[in-house]
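Subject: Structure handover

Hello,

Here is the structure I promised to pass on. Please have a look at it first, then read my notes below.

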Amino acid sequence: RDAALKSVVNLHVLSQEASLDTQRQEAFLARYGSLERFRNNVEKEQQIIMSSLVGLDREDEYVNVDEATSDKLEQLCGDIEVVYRTINKCIPPTQLNTERVNNANSNRALTLPKVELPKFDGNAVHWCTFRDMFVSLVHNNNVLTDIERFHYLISALSGPPLMIVKSVPLTAENYDIAWRALNDQYDNKRHLITAHLDKLFAFERIQRESVPTLMSFISTFRENVAAIKALGVDDLSGFLLFYIGARVLDTDTRRLFEEYISTDEIPKLDKLLDFIALRCKILENIGTQDTKQLISSSGSKRIKGERSSGKTSLAVTTTNKAVKCSFCERDHAIYRCFLFKKKSLTERREFVVKKKLCFICLSNDHIASACSSTYLCKSCNGRHHILLHIDAKRGSTTNSIDLAKSDNKSGTAINKDEGSSTSPSFSGASQSDIRVVLATALVRVRDSSGEYVVIRVLLDSGSQVSAITTECAKRLGLPRFKTRTEVVGLAQQRVKSVKGSTSCNFIPLTIDKPTFTATNVTILNKITASMPYEKLPDSVRDRYGHLTLADPEFDTPGPIDMLVGGDLYPLVLCSRSDIVHSPGLPSALNTQLGWVIVGALKDSVTSSAVSLVINTTPAIDEIMQKFWTVEEPHGSVISTTEDNMCEKWFKANVSRDTTGRFKVALPFKKTVMQYSDGKLMQDEISQDPRSIGLGSSRRLALNRLYNLERRLNKDPKLYEAYRKFMEEYITLGHMELATREGNYFIPHHAVVKRQDNDLKIRVVFDASAASSSGLSLNDCLVTGPKLQTDISDILLHCRFH
């Protein structure tokens with residue numbers, strides 16, 4: 001009713017405007033024919049409301065509230081009629097009524113489907129369709145004003161096109177400026193043709209013949225070829241050959257060729273070949289070395305053993321500074337420790353066993369069975385270290401001085417094994433004068449309360465999953481789900497700190513669209529260290545400071561709250577994203593979140609060595625300890641005082657009536673806890689429900705009953721099933737009509753399961769509904785001891801047989 005009445009109010013406002021402004025009279029006369037339909041809709045809804053109130057014995061409410069709506073409708077329609085007759089003075093009232101009825105009938109007969117306004121997100125393939133439809137529906141519509149056209153334009157755009165239009169102030173005079181700016185950006189004939197060819201070349205190979213795949217092939221090629229022809233390409237074959245040849249050129253040559261030709265020209269392959277031939281002559285004249293010569297010369301230098309400082313190498317050992325003695329905690333290997341060598345053989349072996357060191361290389365990150373060292377004892381060629389050798393001829397000890405003297409003799413073997421004694425499963429060391437800047441952005445994530453919170457994300461296309469830190473997930477109040485996803489990092493090392501998964505929605509920092517939905521986001525304790533690990537030079541900000549950056553503090557080290565992996569990375573990128581390259585500096589990439597800075601930074605200051613150490617081999621005793629911890633069943637749960645008192649109350653009050661049915665009093669907490677030795681306190685024999693803590697629930701139950709009645713009136717089949725259930729309850733004696741007014745009522749509703757034409761209901765009595773005191777019936781009752789068998793007893797039951 002309110003929606004129909006609002007249509008009449010809008011028409012009334014238009015009539016007042018038409019009485020003052022002659023330009024609005026045509027719009028008023030066009031919409032006047034709908035007045036009769038609007039009035040009929042309001043009166044129809046009024047009749048429905050009247051019938052409902054009569055059924056609920058609430059006729060007075062209609063007189064006091066809803067009757068005023070009818071008076072308002074008559075007044076609005078009268079004002080509209082007056083304006084209409086004033087504008088059409090020459091037409092008699094009888095003819096006006098005839099025309100109004102005819103207009104209403106014609107409107108009903110000629111109702112056409114609503115034409116949706118096209119949307120454009122920056123995809124060049126859809127530009128022509130959007131441009132033509134928008135020009136036809138909005139731009140050339142003389143009824144609309146420029147400010148209305150501007151609003152329609154903004155509502156139809158998203159992504160980069162929306163940013164272009166929003167940069168222009170929203171005024172009627174600026175509409176033409178915004179429309180021209182959008183056309184200048186996307187109405188590029190060469191760019192549009194290339195976009196259609198990209199779509200053709202991106203069509204995946206058909207693996208198996210089927211009707212859907214062949215129909216997709218036909219529609220894709222016909223649609224894009226027709227679009228290319230519509231753009232007016234004179235020599236399609238020549239441009240197609242140019243497109244194929246330009247795809248394999250390097251970026252610098254492509255950029256120079258684009259500067260060589262005009263922006264509106266549709267190039268052909270012959271012109272590209274002429275330009276490449278010219279470039280070859282220029283490179284020959286300036287003496288540029290051949291690529292093969294550069295490769296062979298650099299290869300010969302590597303053969304001779306010469307290494308440049310800019311190369312990156314991976315090693316199987318960590319740096320010597322990282323080696324710590326397990327005995328004295330100093331910077332040397334344990335087999336070189338003088339204090340360790342002074343100990344007796346028994347003490348050395350006990351220390352190795354206590355610290356869980358490897359018996360072969362004395363390393364503390366693995367056991368002997370997982371040792372990759374080829375070291376053998378010099379005395380017996382056994383698989384143990386010489387410091388742990390038991391000499392059968394000379395007794396159970398080995399002279400420490402002799403071992404010290406033999407240290408130099410076995411120096412080759414020790415050096416060979418030094419890497420094994422200090423190396424884990426994987427380690428890496430890197431030192432270079434080139435730093436790599438990873439793309440970061442600030443986004444707004446919707447938290448559990450619906451508010452947007454700013455967090456910092458890392459864009460990484462090399463990750464197959466997206467991740468979020470535990471601290472950030474708690475701060476946002478995101479739901480956590482169990483997950484079986486296994487995260488594997490560098491060198492196939494499994495990440496053990498997976499804390500589940502979640503999902504979230506986020507939008508860019510500066511605009512409200514688009515909205516990205518991240519599902520199955522892995523929760524980790526920590527994603528990475530601060531990014532970047534040190535402040536970037538000012539030259540980077542000076543070069544890209546004029547861009548709208550996704551992370552305004554990209555050059556300052558800061559924590560990472562979320563990782564956007566390969567599942568979301570393509571959605572973040574713009575269609576045919578712009579990229580700005582600068583020699584010696586990272587590049588700027590335009591995304592849906594803004595411009596991000598990513599790439600290599602050539603710095604004059606050589607970075608310190610970075611080492612990576614990973615070890616995930618657990619000790620066998622830890623595995624066994626965890627095994628027995630899991631297998632050990634929990635002890636029986638000791639019942640509480642409340643459970644014992646509840647059980648006594650049940651035994652004392654349960655009984656059977658003459659029909660054989662069991663009867664038991666409700667175990668209220670206050671009553672049960674004061675029950676002692678089969679007797680109650682005198683003040684508890686006749687107890688008022690208010691003293692138990694229950695308040696009144698009449699208003700709540702009544703409101704729910706009204707809601708239930710409205711639901712049942714809309715569904716006759718559900719109403720019939722609910723009525724039969726209540727009659728069955730009365731027949732079985734489960735409920736009866738109350739003889740006096742009560743204070744606490746239990747609300748009830750239906751849970752419906754529909755399957756084909758069958759309907760099954762289950763009536764739920766909500767004893768958890770809070771009363772006026774804030775407590776429900778369930779809150780005031782004791783639950784008693786748990787009656788179900790523990791799951792551990794069920795699982796272990798088979799082991800007793």
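Start with L362. This residue sits in the loop between α17 (345–355) and α18 (400–409). Helices here are DSSP runs of H or I with at least four residues, strands are runs of E with at least two, and both are numbered from the N terminus.

Before going on, two notes on the source. The model is predicted, so local features need pLDDT of at least 70, side-chain atom pairs count only at pLDDT 80 or more, and totals for chains, interfaces and linings use all residues. Residues are numbered from 1 along each chain as its sequence is written, and side-chain values use heavy atoms, with hydrogens and water left out.

Back to L362. Its phi is positive, about 60°, although L362 is not a glycine. Its relative accessible area is 4%, and L362 is buried. Buried means under 20% relative accessible area, exposed means over 50%, and partly exposed is in between (1.4 Å probe, protein chains only).

N520 also has a positive phi, near 55°, and is a residue other than glycine. N520 lies in strand β9. With 45% relative accessibility, N520 counts as partly exposed.

Next, the cis peptide bonds. One runs from K513 to P514, with omega near -5°. P514 is in the loop between β8 (498–508) and β9 (516–524). Another runs from M531 to P532, with omega near -10°. P532 belongs to the loop between β9 and α21 (538–544).

Which residues of α28 are buried? They are L718, Y722, F725 and M726. Seen down the axis of α28, these buried residues fall within an arc of 95°, so they line one face of the helix. The arc is taken from the directions from the helix axis to the C-beta atoms. On the other side of α28, P716, K724 and T731 are exposed.

What covers the buried residues of α28 includes α27 (698–714), β17 (748–755) and β18 (758–765). Contact here means heavy atoms within 4.5 Å. After α28 comes G733, with a positive phi near 80°.

Best wishes
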